[in-house]
Amino acid sequence: MSAAQERPHQRTVGLDRKCRLCDGTIYFNYHGPVQGVCGRCVDLIRSSGPTFTGSMQSGREYRQGRSAWASIFVFVLGLGAGAAALHFLGPYLPF
């Protein structure tokens, strides 16, 4: 089978480039996500499976919310506000 029969709709222009992976021609006006790679090869690369970027992180970096010291501060602040309310509202309370 000749090359013309394998790719019957392959058009070439003098400005076309070669794909780095399959040596096929890349249309000169094609702007894909990976420079120098044709769309067919990009599809194969992206469908090959999940890739993980970044490094492993410890559990502390995943934790959401306040730190322990902030929680203690909010608790002590609440106790102080309750004590102040009890002091000022003491004469009006039934006990």
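L86, F88, L89, Y92, L93 and F95 form a nonpolar surface patch of about 780 Å². Patch members have over 30% relative accessible area and no salt bridge, with like charges joined within 9 Å and nonpolar side chains (Val, Leu, Ile, Met, Phe, Trp, Tyr) within 5 Å. A salt bridge is a side-chain nitrogen of Lys or Arg within 4 Å of a carboxyl oxygen of Asp or Glu. Areas are Shrake-Rupley values with a 1.4 Å probe, and for residues only the protein chains shown count as cover. L93, one of the patch residues, lies in the segment after α4 (68–89). L93 is partly exposed, at 32% relative accessible area; buried means under 20%, exposed over 50%, and partly exposed in between.

The model is predicted: local features need pLDDT of at least 70, side-chain atom pairs count only at pLDDT 80 or more, and totals for chains, interfaces and linings use all residues. Residues are numbered from 1 along each chain as its sequence is written, and side-chain values use heavy atoms, leaving out hydrogens and water.

Leaving aside residues up to four places away in sequence, I26 touches D16, R17, K18, C19, G36, V37 and C38 (contact: heavy atoms within 4.5 Å).

Of the chain's 95 residues, 8% count as buried. The elements run α-β-β-α-α-α from the N terminus, as DSSP runs: helices (H or I, at least four residues) and strands (E, at least two), numbered from the N terminus.

Technical notes. Buried < 20%, exposed > 50% of the residue type's maximum accessible area, 1.4 Å probe, protein only.
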